[in-house]
Structures are given as structure tokens and as C-alpha cells.
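Hi,

Here is the structure I promised to pass on. Have a look at it first, and then read my notes below.

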Amino acid sequence: MSRSHPAEGALSLYWPFSHGLVSGAAPDAEWLIVGPLQPYQPPPVPVLSLVVVMVFGILSVVVYLIVRGVESRMTRLEQAATRIAGGRLDTRVKVQSGDFLGRLGMAFNGMAAQVQSLLRAQQDMTRAVSHELRTPVARIRFAVQMVEDMTDDPAVRHQLRGVDGDIAELDALIDEILTYARLDTNAANGGGLETESLEGRVLSERVIASVSDLHGHLDIVLVAGPEVECTAEPRYLQRALQNLVTNACRHAVSRVRVSVEGEPGLVRFDVEDDGPGVPERSRHEIFKPFARLDDSRDRRSGGYGLGLSIVHRVMVWHGAA
């Protein structure tokens, strides 16, 4: 049985009981009364607003944590790709799960390993060929010298000196190829540098002294300034600076200036000449192997196309630019 309470908007329910059991409508029945039951009252608007804000807050935190985890893993992948683009082919991504990012990391590592393997095979072949070329070049030079000692004909001796000059150029080219391949291998395999403290001005003076005898018509000077110390691999840093100065001498008209300056966290070597300069569109091309801006095949004016590539490799290996 039910009874409504219109004034209160409520409802009461009645159940008859007889001796503890539900009965019909016995006169002596006892009644179980439930109520009055109040109708549903929605919570106040401020309470609902608070609940909605809390739910959205919790969802936002959950989404942020998920996105942050994905972003951090993608950032590590981006950093690894940047290092590989810089020549550090030994870089690998740490794979921590088997989800889609984990599979992407494994595919990335496989690609890097394959590229490193192919490049290493190419470098090994380059070094082997260059080393093998040294023996016949040495034999040819020895034979040319013997023929030159056996004849007094001026025309023959003039031709032999030309051949000897070509052999010297070939020997220098082989040396450049070996140096470049060695630097490429060290950079690709993450080889460490045996660095030591160097005095920048002393190194520059030594390079200028070695180059000046070959370019007597040029004024090669070291700009005055305080002594600057740097930490680097001495042999390769000297080779890079010597290549820069030699390249400047090759294109200079009358003057080459070398300056050494200390800046926060780095040492800067500047080599300037009064030559025609490099067109802006070609300033990235000159650091590629065998890149030569002139159309001439004259090695005396155009070089071998490896000097600035070696400079770039040495700088990258030192973490500089």
C-alpha cells in the first residue's frame, strides 16, 4: 500500500506483516512503513561545477603524463637522429618497451647499424686502395730519379721533373684521402680524442712558418693579441689550420691574416685573405669531399677538393663549427 504526501512532495509505502511474515490483509497484521520518501533533489550548481572541474583536472593530469612520456621518448629519438646527421653513426636509441615507439626505436637502430656498416666497408676499401697506391707510386718515383741520373739531356730532364711533380701531387692526394678516411672513421665509430692543452698562437706561428716558404709572394701575418690556450688533438688541429691557411694562400692576391681569439667556452681561429672570396650560395658546398668551385682542372689553383672537408671533419670531431 502507498500513500502520497502532496504537501511535502513525498511518498510512503506500507507492507502488512503477521508474526514476522508478510501476510495478506489480516486484521491483526502489523505494518512495515517505509517513508516518507523524498523525491530526488539535484545537487546545487556549485557542487556540480566542482565535480566537473575535478573530473577535468584528473583527466588533464592523466593526458599530460601520457603526452609527456611520449614527448620525452620522441625527443630522445630526435636527439639520436641529430647526432647521426652530425656523423656520429654509433648513436643508438634506448628501447624500453614494445609499443609503437619501441618498434620505431628498434627500426631506427637497425637503420643506423646498416648505414654504419656500409660506410665502414666503404672507408675500409678507400684506405686499402690508398695504401696499395703508395707502393707503385714510390716505385715510379724511384725509377724517374734513376732515369734522371742517367741522362744529361735538358729536354728529358725537364720532362722528368714534370713527371716527378705529378707523382708528388699524387702522393699528396693519397695522403689527403687517407687523412679524410681516418677522420671519417673516427667520427662514425665515436672514436675518442687524445686531447691536450695547446697554445693557439704558438700553433698558428708554426703553421705560418711551414706555409710561408711555399708562398713567398704573400704577406702571411699573425694578428697581435694575447696568448690563448685551447684543449684539442694537436696533430689534427694543426692539420686543419694548415689546410685553412694553405687554401687562403692559394686564392689570396697579396695578404693572408691569421688571428686567434678566446671567447667564452671556445677558441676562435680566423683566416682571412684578400682574394675574390666564396659566393654565398657555395659556402656549404666547399666543405664537401672533392668539391671545387673553379672549372679548371689545374691542381695548383683548385687543389684536390679535400682540404676544407678535412677541416670540417676535424672541427666536427672536436664538437666545434
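How do the residues of the lining of the largest cavity divide into nonpolar, polar and charged? There are 6 nonpolar, 3 polar and 3 charged residues in that lining. Before I go on, please keep in mind that this is a predicted model.

Let me stay with the cavity for a moment. The count comes to 1 cavity of 30 Å³ or more, and the largest cavity has a volume of about 120 Å³. Two elements give two or more residues to its lining, namely α1 (45–85) and α2 (100–150). If you want to find the spot in your viewer, select Arg73, Met74, Arg76, Leu77, Val93, Lys94, Val95, Gln96, Leu101, Gly102, Leu104 and Gly105, which line the largest cavity.

Now the chain as a whole. The protein chain has 321 residues, and buried residues make up 27% of them. You'll count 7 helices and 9 strands along the way. Among contacts in the chain with a separation of 6 or more, 62% are between residues 24 or more positions apart.

Next, helix α2. It has 51 residues, and at 1.5 Å a residue they should span 75 Å. The C-alpha atoms at the ends of α2 are 75 Å apart, so the model agrees with that expectation. Several residues of α2 are buried, including Leu101, Gly102 and Gly105, and these three also turn up in the lining of the largest cavity. Further along, the buried residues of α2 include Phe108, Gln123, Ser130, Val137 and Val144.

Buried or exposed, where does glutamate 148 fall? Its relative accessibility is 17%, so glutamate 148 counts as buried. Leaving out residues up to four places away in sequence, glutamate 148 touches Arg157, Leu160 and Arg161.

Helix α5 (residues 234–251) is worth a click as well, starting with arginine 239. Arginine 239 counts as buried because its relative accessibility is 18%, and the cut-off for buried is under 20%. Apart from residues up to four places away in sequence, arginine 239 touches Asp175, Glu176, Thr179 and Ile310.

Leucine 244 is also found in α5, but with 27% relative accessibility it counts as partly exposed. Setting aside neighbours within four places in sequence, leucine 244 is in contact with Val271, Leu308 and Val311. Try the distance tool on leucine 244 and phenylalanine 269: they are 25 residues apart along the chain, and their C-alpha atoms are separated by 9.8 Å.

Last, the cysteines. How many disulfides does a search of the whole structure find? The search finds 0 disulfides. In case the term is new to you, a disulfide is a covalent bond between the sulfur atoms of two cysteines.

Cysteine 230 sits in strand β7 (residues 229–232), and its relative accessible area of 11% makes it buried. Cysteine 230 touches Glu196, Ser197, Leu198, Leu237 and Val267, again without residues up to four places away in sequence. Cysteine 230 and leucine 266 are 36 residues apart in sequence, yet 7.6 Å apart in space from C-alpha to C-alpha. Cysteine 249 counts as buried too, at 3% relative accessibility.

Happy browsing!

Note on methods
Residues are numbered from 1 along each chain as its sequence is written. This is a predicted model: local features need pLDDT of at least 70, side-chain atom pairs count only at pLDDT 80 or more; totals for chains, interfaces and linings use all residues. Side-chain values use heavy atoms; hydrogens and water are left out. On a 1 Å grid over the protein atoms alone, a cavity is a set of points where a 1.4 Å probe fits but cannot get out, and a pocket is an open set with protein on both sides within 12 Å along at least five of seven lines; lining residues have an atom within 4 Å of a point. Grid points are joined across faces, edges and corners, and a volume is the space filled by probe spheres set on the points. Helices (H or I, at least four residues) and strands (E, at least two) are DSSP runs, numbered from the N terminus. Ala, Val, Leu, Ile, Met, Phe, Trp, Tyr, Cys and Pro count as nonpolar, Asp, Glu, Lys and Arg as charged, and the others, Gly among them, as polar. The expected span of a helix is 1.5 Å times one less than its number of residues. Buried means under 20% relative accessible area, exposed over 50%, partly exposed in between (1.4 Å probe, protein chains only). Contact means heavy atoms within 4.5 Å. A disulfide is a pair of cysteine sulfur atoms within 2.5 Å.
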